[in-house]
Each structure stands twice: as C-alpha cells, then as structure tokens.
Amino acid sequence: MPDPQQLLHTLKEYFGYDSFRPLQEKIIDSVFSGNDNLVIMPTGGGKSICFQLPALLLPGVTLVISPLIALMKDQVDGLLANGIQAAFINSSQTENEQQDIYTKISSKEIKLLYIAPESLSFLDAVLSQIEVSLIAIDEAHCISSWGHDFRPAYTQLGYLKNRFPKTPVIALTATADKATRQDICNQLNIIDAKQHLASFDRANLSLEVRPGNKRIEQIIDFLKDKPNDCGIIYCLSRKTTEMLVEKLKSQGFNAEAYHAGIDHHKRSQVQEGFINDTVQIVCATVAFGMGIDKSNVRWVIHYNLPKNIEGYYQEIGRAGRDGLPSSTLLFHSYADVVQLQKFANTSGNQEVQLAKLDRMKQYADSLSCRRKILLSYFGELIEEDCGNCDVCKNPPLFIDGTIIAQKALSTVARIKEQEPMGTVIDILRGAQNTTTLDKGYQNVKTYGIGKDIAWKDWQQYIIQLINQGYLEIAFHQNNKLKLTTLSKKILFDSEKISLAHLQEFEKIKQANIEQIDKGVAPTLFEKLRQLRLELAKEADIPAYQIFSDATLKE
Ligand code: ADP
Ligand code: MG
C-alpha cells in the first residue's frame, strides 16, 4: 500500500492539488486495502479522484463504468491533459478505433478505461486477457429504480463482481438515501462494501421557495439583479425550456435550451458554450448537467417542482461548486404536483415515486428550516437552523387554526366530498359563480362562512391541512377533496390544530423587507430566532421541531 507521502505526491504531480478533500484519502486507503467501497458524496465533492488516483498506482487497468458518452469524453480528455493514459469505449466508435484501444490495453498502456454499461459485452474477450485492478461504477444510483436516474443497463453490472471476485469495486454516487444505498450494494454484489458518507451540507447555497404564479416575471426580476452571473433553469418539459428561452431572449438575455430532443451537435454546443461562459443561461430538462464540471454557476432555478429531493439536491448542487455564495430558487405550484403525480402513475415503482414526490412537496411547503429538511433526508442532522433559507430569514408565526380547519372540513363534509379545492374555497367565500349556483351550493350551511379570508390564503391553509393529513386529494376522481381519518378528530373530537398565520407571515415579511431597506434587518430575524431557541430549551427539544410539521401532527 502506498504511504501518505506518496499519495500526496501523486495528487500534486498528476492533478495539481496540494491536499485531499475530506474523506478522499480515507477512501483511497480503503481501495488499496482491497475493500469494496460505496462513496456517497455530493456533486462536486471530488469523487473522481477516489478512483483516478488509485488507478495510477495500481498495476493493472481500472475499469470505469459511466452512464453518458459526454461525461466519459470530458473525463478522459481531462485525464489525458494531465498526462494520464486513459481511453473510452462506446458505440460511437469505429471497429478500428476500438481495436486500437484493445491493443493499448493489452500492452498495458492504458490505466483507466471508461465504458458505458451497454458496451461492456464488447469487452468480454479482452477482459479475460488483462489484469483488472479496480472497477469503478460512477453515478451508481443509475442501478436503482429507487434512485432518480434509473438506467436498465446498469442492472447487469452485478456480474462484474462474480467475474472478478478479487478485484475491489468502488461505487460512487451523490444519492444518499438509505434505501437506494442498500439497493446499490445488493445489486452490485458488494454487500460488505465500506460506506463513506460525506457531508452534504452546502452552506454557500441559499435556499428559497416561492409560489409559482407569474414565474416568468419573477425570473426576469431575479435575473436583472444578476446581469453577469450564469445559471441553469430546470423545467419539467422540453416545451417549457423552449418557451422560456424565447421569452428570455426577447428580454435581451443570453439563454439557450437543452433537452434530449435537441440534436447531439447543438446540445454539445450549448454545453460547451455554458462551460466557456459564452452561454449565460441554460433552460434545461434534467438531462442537463450530470457530471458537468463548471465551478462558477451562481444560481439554479427550478421552474417546476422536481420529482424528488435527490434530484432537486443534485440539481441545486450544480451551483456554487467554487464555494462562493450562490442562490437557488424553487417555484412551487400545485399544478406541477398534479402533473408529477400523473407521471408517477404511468411509470414503474409508483408507490415509491409518489412517496418521494410527497417528501418533495413537504419540503416546498415547509415552515421550518429547509436545509435541515434536506440534510435530514440524507441522514445528516444539524443543530442550528441554517439562517440561509427563506424560512430562516422569515420564520412564520403559528396560530390556533382549529376554527379555520373546522370551517374547511365541515364544508367538505357537507358537499359529500364531491368537489376539488377551488370549488370548496368558492363555497367558503360565498362566491356567486355558475359552479356554486348551478349546484345549489348557496344552500350549504357553511356557504360564505370564510368570507373574511382571501382566496389565496384559503388555498394556502388548505394545502397546510393536506400536508398535515387532515384532507386528501383524490387524484383519480378529478382531484376532489376528501376527508381522512384525522379529519374526524377536528370535526368531532375538538382536536386543536396549528396553522401558519399567513397574514401575520406577510406582515413579518414586509417588516423584514422594510428593515432590510433601512439596513437593520437582523434585529427582527434575530428576535424570532431567539424566541424559537428559548421555546426549544424550555421544552427540551431540538429547536427546529418547534415549528416542524411533525410537531404539529402530534
Ligand atoms: P464529483 O464527481 O463528486 O461531482 P468531481 O470529481 O468531478 O466531483 O470533482 C469536482 C471538482 O473538485 C473538480 O473540479 C475537481 O478537480 C475538484 N477537486 C477534486 N478533488 C480535489 C482536491 N483534493 N483539491 C482541490 N480540488 C479538487
Ligand atoms: Mg462525478
């Protein structure tokens, strides 16, 4: 096994770095000890060194399984530029080109061989003639349908361990939830793998969630503050990316679209333009960004709600890889949730996907520190609230929401759970439109009892009720609002419920903005924080639990 001095020397000589990042050295030691390893490190954390550096010092070749041709090419180009013998094999090459590479491998000229899982079978004959010292499986979450980028060809990789039982495997991913981790190890036949879990905290990313109305105007405002910063806008559909590019261009912004429907040539043009700072804004579907090594992305916007937290975290993780402050903004729209629910219904593993989408929605709706939710999702707990998310910057006040809840739930009960949210709100507010009048809802006993609350606020309150499990949406029945077993407790057992006071919330927000204008912002924020901490101390619970959804439920 190489000594620490030798490792550092190699790091400096080939990669130009003076020191290892947290965990890198420990992982490399573990590889040299012959262990199988699962590395979970956020995007940009420095996973590649964990197999590239051992590859240099091991006697044989290191096989690297990688999901995208563009990714492979980038990495191989980078390695060659550093004087490291590397090559890739994929279906875009001619037979001659491939033969050339096989010859080089046989004569031990190549240290790292990148290959797409689909192309592994080409290698079969060659593999039996060469010494494979290490097998690296990059973006290993692709193997798991529990993860977020499932690639069927990855599921065949389990055979590698059978074929090379003595060769250590190192699987690497930025996806950290426990179920996916376990699934990766099971499928790769490396159940005794050492797991290395790096911190996922990216304190330099500010987190913000806003309601998704007037998104384009909001984005243009957001961008006007950052005329020279580059960033990515993630969208759910190809059409949206194109629409946005058109709108942004008409406002004079330098934006390009990127999605799987755009031809290969144009796509790599956009990608290179972005990397070289000639394209400022990329409006993309999730196809964009996997493995892109650009350190100065200053912001990431999600135009639509992502499917799950892993995807979201990986996507916002593309901002601020240089460690400098960067902004992230997520638009939360109810229509997106419904859309994503429909997607989940048509693709495999529906239950898991819906549950993950639910977590995503809870995150977006959260009234407690968002970073805490993200990190706890990845199994990491932080003591203090982060102070760098919108909730920390404007913490909500809670009120006794029992009466609000009673009004909403009894209305749903009286109309026999036959209407979607919009109509329920119309009835509560006593709206005189065709929907309410045609169906005779003016005769419902609760008609108009919620006049005092604005339509938009009702919507927010009802979403809070849904999130707390007091109402649910029947997605297969035109999204009608339904009562749940919990509703009974409010209607009949006089159970109390807390809701974030929206008007109060708005007032605080406004006051805070005014204070920011006067340059004295921290006072109010600090006061509220202090209050929270005191409450927490008194009750002897972690501060964040005071305002968390979980506490409200109990
Ligand atoms: P990941 O695969 O985890 O997303 P990469 O391996 O692509 O991350 O590394 C991200 C960036 O960090 C790259 O620019 C890489 O050169 C840099 N990096 C990796 N290790 C170190 C180190 N020890 N010191 C300085 N920079 C590093
Ligand atoms: Mg990587």
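Which residues of the largest nonpolar core touch the most other members?

1. **Basis.** This is a predicted model: local features need pLDDT of at least 70, side-chain atom pairs count only at pLDDT 80 or more, and totals for chains, interfaces and linings use all residues. Residues are numbered from 1 along each chain as its sequence is written, while chains are lettered from A and ligands numbered from 1 in the order in which they are written.

2. **Cores.** Ile232, Ile233, Val282, Cys283 and Val300 touch the most other members of the largest nonpolar core, which has 56 residues. Val282 touches Ile232, Glu256, Tyr258, Val270, Phe274 and Phe288, leaving aside residues up to four places away in sequence. Another core lies apart, with 52 residues, including Leu113, Ile170, Ile184 and Cys185. (A core is a set of buried Ala, Val, Leu, Ile, Met, Phe, Trp, Tyr and Cys residues joined through C-beta atoms within 7 Å; buried means 20 or more other C-beta atoms within 10 Å of a residue's own, C-beta atoms being placed from the backbone.)

3. **Sheet.** Seven strands (DSSP runs of E, at least two residues) form an open sheet in the order E3-E4-E2-E5-E6-E1-E7, with parallel pairing. Pairing takes at least two DSSP bridges. E3 (86–89) and E7 (194–197) are the edge strands. Neighbouring strands are turned by 20 degrees on average, direction ignored.

4. **E2 and E4.** Four bridges join E2 (61–65) to E4 (112–115). Val64 stands opposite Tyr114 in E4.

5. **Helices.** H5 (95–106) packs on the sheet and touches E2, E3 and E4. Its direction makes about 135 degrees with that of E3. (Contact: C-beta atoms, placed from the backbone, within 7 Å. Helices: DSSP runs of H or I, at least four residues. Angles: 0 to 180 degrees between N-to-C directions of axes fitted to C-alpha atoms, for helices over the stretch in contact.) H8 (178–187) also packs on the sheet, touching E1 (37–40), E6 (169–173) and E7. The direction of H8 makes about 150 degrees with that of E1.

Definitions and conventions: Two residues are in contact if their C-beta atoms, placed from the backbone, lie within 7 Å. A residue is buried if 20 or more other C-beta atoms lie within 10 Å of its own, exposed if 12 or fewer, and partly exposed in between; C-beta atoms are placed from the backbone.
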